[in-house]
Amino acid sequence: MNFDFAFAATTLPTILGVIGTTISVALLSCAGASILGFSFEIARRAGSLPAYLMRFTIDFIRSTPVLAWLYFLYFVLPHWGFTLPALVVGILGLSIYFSGYLAEVFKAGIDAIPKGQAEAAKALGLNRIDVVSFVLAPQMLRNVAAPVGNHFVSILKATPYLAAIAVPEMLGSALDIASNTYRYAEPLTVVGIVFLVLALTIAQGVRLLERKLHGPTNR
Amino acid sequence: MNSDGQPMRQTAPWPVEISQHHSAHPPDRTVAVEAAALNKWFGSFHALKDINLAVPQGSRIVICGPSGSGKSTLIRCANGLETFQGGTIRIGGAELTGDEKQLQKIRRTVGMVFQQFNLFPHLTVMANCTLALRRVLGKSRSEAVGIAVHYLERVRIPEQAHKYPAQLSGGQQQRVAIARALCMNPRIMLFDEPTSSLDPEMVKEVLDVMIDLAADGMTMLCVTHEMGFAREAADQVVFMDQGRIVETASPATFFAAPSQERTRLFLNKMLR
């Protein structure tokens, strides 16, 4: 079978037509995973029982396949009366799955702040809320920015799983073209290249961000 | 000043005598910090054993002793960074209760300088100095900046105001940390080994600032190994070992004729 470049070019507009869905799903999932992961990490610090429960939750999430989460949410939840649109299931599934990883990112980001920072802030008379919002949170955000960016790339690359529950994203649209035309090489190659370009661009952005955050002016 | 209506305290039971220091003003006899029968454990480790210490307003007290003797723990108790299990601490006459709101209020009057500087790395020097002025004392931005500039000039570093801590040398960072604490106009300054993590050539610039402060009558409780500073600026030197106060004396007596064998051994090692 010959690779038809002209045909490959004609698949590009269709595939790029849903790039917006792919990116929005990845962004929303990354936000969801961050909120969830951060909550896990904060809960983990609340005491020994919460710590144990959260450790279990995080390990459980990280030990189950993302596709299992998507199928569970999409096919099993309706039996219990919760029917969610495929797009919502996709964002929810990716958020849950990656929250396990982002919890670790937030753990590292918080642990990396020296103990003396909170002590110095308290010694100046700042109340708890101000200690967190003016001293600890900004440093945590700086510590997690680059790792969260890297996980964003992972989430982006996981969006093709959503083809399994018929969310109109890039891999799904490539597969649609393939089943209509019986030509697989061109649409799948194009979708691969689009992901490659996206991922490389974001990774470069993360690298620049990292350099800016940890440059000479900022420890 | 005794302007806050604190009654004069009877200080007789305390081992540290109220000293006559040499500034033009008569010594303020209010007690800035007072620890009584203070005991602290870290788990099963008895870190502070029956500590009795009074720091009269206007005095400079240096605490020295081998590492692990409890000296840092003691001054960290004085602003509630460490809890304790027995005895009492009074700051300006008010007993520390462990209540969060009370602690926050007391900490406004107690400045602290740390061994590791603990400047906020994400904030400029100016923002480090103005954060508590604005958030704790509710000063306006321009008022806070004015105060910060004043104290940055005092520690001889006004030109660095817009830099970040990482752009400064260790000595400069520690001077900023001193200015940051002074901005709150504290009634007492606690120093926890302020020169111990500095390169040798930067120790002097920090000690000079501290000696200036002492000369201006600032009440200081200072954990340090800088015996030269103790000699020059302290009213009293407190020697601690294994969680106890072993000896308290004026610098002259402490260095020339310490009464305890343990102190002599320590000084022999320090002053070699």
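This is a predicted model: local features need pLDDT of at least 70, side-chain atom pairs count only at pLDDT 80 or more; totals for chains, interfaces and linings use all residues.

Entry 1: The relative accessible area of F254(B) is 0%, so it is buried, the cut-off being under 20%. I then checked F255(B), which has 11% relative accessibility and therefore counts as buried too. How do the rings of F254(B) and F255(B) sit to each other? Their centres are 5.3 Å apart and their planes stand at 90 degrees, so I wrote down edge-to-face. F255(B) also has a charge over its ring: the charged end of R231(B) sits there, 4.4 Å from the ring centre. I found another such case in chain B, where the charged end of K40(B) is over the ring of F42(B), 4.5 Å from the centre.

**Entry 2: ring pairs elsewhere.** I checked the cover on both rings. F38(A) comes out at 30% relative accessibility, so I noted it as partly exposed. F106(A) has 6%, so that one counts as buried. I also noted a cluster in chain A, where ring pairs link F56(A), F60(A) and W69(A).

**Entry 3: T22(A).** Is T22(A) buried or exposed? Its relative accessible area is 1%, so it is buried. What does T22(A) touch, leaving aside neighbours within four places in sequence? I listed L156(A), T159(A), E169(A), M170(A) and F195(A). I followed up M170(A): it is 148 residues from T22(A) in sequence, but their C-alpha atoms are 6.6 Å apart in space. The side chain of T22(A) also reaches the backbone nitrogen of M170(A), at 3.4 Å.

**Entry 4: helix 6 of chain B.** I looked up how far this helix reaches. It has 16 residues (200-215) and spans 23 Å from its first C-alpha to its last, close to the expected 22 Å. Its buried residues include M202(B), V206(B), L207(B), I211(B) and A214(B). What do the buried residues of helix 6 of chain B pack against? In chain B I noted strand 3 (60-64), helix 4 (141-154), helix 5 (170-182), strand 7 (188-192), strand 8 (220-223) and helix 7 (227-233). Just after the helix comes G217(B), with a positive phi of about 95 degrees.

**Entry 5: helix 6 of chain A.** This helix (residues 115-123) is mostly covered, with seven of its nine residues buried. Among them are G116(A), Q117(A), E119(A) and A123(A). I checked what covers them, and both chains came up: the cover includes helix 7 (128-158) of chain A, together with helix 1 (71-77), helix 2 (100-107), strand 6 (110-113) and helix 5 of chain B. After helix 6 of chain A comes G125(A), which has a positive phi near 95 degrees.

Key. Residues are numbered from 1 along each chain as its sequence is written. Chains are lettered from A and ligands numbered from 1 in the order in which they are written. Side-chain values use heavy atoms; hydrogens and water are left out. Buried means under 20% relative accessible area, exposed over 50%, partly exposed in between (1.4 Å probe, protein chains only). Rings of Phe, Tyr and Trp (its six-membered ring) pair if their centres lie within 6.5 Å; planes under 30 degrees apart count as stacked, over 60 as edge-to-face and the rest as tilted. A charge sits over a ring if NZ of Lys or CZ of Arg is within 6 Å of the ring centre and within 35 degrees of the ring normal. Contact means heavy atoms within 4.5 Å. A polar contact is a pair of N or O atoms within 3.5 Å; within protein, one must be able to donate a hydrogen and the other to accept it, and residues adjacent in sequence count only if both atoms are side-chain atoms. Helices (H or I, at least four residues) and strands (E, at least two) are DSSP runs, numbered from the N terminus. The expected span of a helix is 1.5 Å times one less than its number of residues.
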